[in-house]
Amino acid sequence: MVTQNGNKNLKIRTAAYFAIIIALVVVLSAISSRIWGGKPEQLPIPKKFILEREMTVGGFGQANGLSGQALKEIFGLKTRSDLEKKLSEYGTDDQVASMVNKKLALASEHASKNWVKIPLKFGLWFIFLLIVFILQRKRKIVTGLRIGLLTASVLIFGVVMGSDPSPMGTVKDAIHLYGKARAVFPPRVIALSIFLAIVLIANKFICAWGCQAGTLQDLIFRTNQAGRQKAAIGRQVKLPFAVTNSIRVAFFCALTIAAFAWGFDIIDPIDPFKIFKPAQLGIIGASFVGMLLLASLFIYRPWCHLFCPFGLTGWLVEKISLVRIKVDYETCIACQKCAAACPSTVMGAILKRDKKTIPDCFACYACREACPTNSISFAAGKRTLPPAGHFKPLPSQEGRRASEGPVSDGDRTLP
Ligand code: SF4
Ligand code: SF4
């Protein structure tokens, strides 16, 4: 039994952990981003060009401050005399403007990337995820190691390797670039394909263990879990998936509309990944990210569930993942400890035979850790349905839906 004093100490310790995590992430990331050079993720490109039909290519370059190299790439120039070509040879004013916009946007993307860091980060992702996968195969991922792995992931992929690239960035930047300049940046397509391939193979494994903002929120949520007791500060709640997913879909639509209609990136001012590049986090961004991380103490991965475009895309792809969380109903004793341990509503939905609206599973293995009969696996193949009548409400759950999952120690007790 936890005394009042013990409770108070627990609250103080949790609050201190929270403050230390944020302070360390911000300070160390500021240092690391200075070392990497701190390039902005996208370089500014002019919105409007000075463009007259009778201009030559060279004249157009001079009027808009474009270098010879830029003109060569945009207009495919072969010799110096090509600078005398008329713009009208390349199409109408609109066509020329669109071509220049597109090529400049791609050149800006290319110039803003750190081409040493990106392959290095993907290499580290590969090694780290492989280690986590092997550990989970050996069923070694339990509370302590989970926190250790989450901390390592935040440090490696966020603090040291920075905010870019990220699974979320690949989706949001692809939408923004196409909306703004009708351009597709091939390296981003490759990165997105790799992230989605990981989801296809192993559920949201990249989100669970590799995404810098996702693991930071996860780590904060876990620091507010005092072992198997209830939350140290306040109460951790599981928001209904219908609500969180509706907000996420609406946000995705708003993101797409703003990109196509105004070339505006609505995530940019509030981007939580910028915590790993704090110099670029303005007052609005800092306030939003501060609130988001505070909310992470009480809600599991609020950004992932409410706003993240990769969260939504990954949730759709997850439906056909090769490897996923499965329950063996032959050995399952229907105690529902897994649903209680699951930080979101997904395990409850799996047990409820709800085939269509299984929420995001972040492959955290908390359910597997809680199962007293080892009936939960992370394995290939389809999920089987529980036999009808297998789950009866526990006495402690009367009046509460199983999918919400109990939140207190008492609820985790076998009937
Ligand atoms: S859903 Fe969460 S973990 Fe996945 S990419 Fe988005 S922020 Fe990262
Ligand atoms: S507890 Fe289990 S079902 Fe819930 S998110 Fe973690 S792995 Fe998925």
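Predicted model: local features only at pLDDT ≥ 70, side-chain atom pairs only at ≥ 80, totals over all residues.
**Entry 1, domains.** I began with the domain assignment of the protein, which gives domain 1 as 4-39 + 115-315, domain 2 as 57-112 and domain 3 as 323-412. I then looked up how domain 1 and domain 2 lie, and I noted that their centres, taken over C-alpha atoms, are separated by 38 Å. The contact takes 7 residues from domain 1 and 7 residues from domain 2. On the side of domain 1 that touches domain 2, I found 4 nonpolar residues, no polar ones and 3 charged ones.

**Entry 2, H1 and H6.** I reminded myself that two packed helices are described by the angle between their axes and the distance between the axes. For helix H1 (residues 4-36) and helix H6 (residues 143-160), the axes come within 9 Å and cross at roughly 45°, and H1 and H6 are therefore oblique to each other. From H1, the residues Val25, Leu28, Ser29 and Ser32 meet Val154, Gly158, Val159 and Val160 in H6. Sorted by class, this contact of H1 with H6 has 5 nonpolar, 3 polar and no charged residues.

I next followed helix H8 (residues 186-202), whose axis comes within 9 Å of that of H14, with a crossing of roughly 40°. H8 and H14 are therefore oblique to each other, and I wrote down that H8 passes H14 in a right-handed crossing. Which residues meet here? I found Leu196, Val199 and Leu200 in H8 against Gly314, Val317 and Glu318 in H14. By class, the contact of H8 with H14 has 4 nonpolar, 1 polar and 1 charged residues.

Which residues come nearest to ligand 2? Of the 13 residues around ligand 2, I noted Cys342, Cys361, Cys364, Ala366 and Cys367 as the nearest. Helix H16 (346-351) and helix H17 (366-370) each supply at least two residues of this shell. By class, the shell around ligand 2 has 12 nonpolar residues, 1 polar residue and no charged ones.

Definitions and conventions
Residues numbered from 1 in each chain as written. Chains lettered and ligands numbered in written order. Near = placed C-beta within 6 Å. Helix = DSSP H or I, 4+ residues; strand = E, 2+ residues; numbered from the N terminus. Nonpolar A, V, L, I, M, F, W, Y, C, P; charged D, E, K, R; others polar. Axes fitted to C-alpha atoms, helices over the stretch in contact; angles between N-to-C directions. Parallel < 35°, antiparallel > 145°, perpendicular 65-115°, else oblique. Left-handed = near helix turned anticlockwise from the far one by under 90°. Contact = placed C-beta atoms within 7 Å. Domains from an automatic or database assignment.
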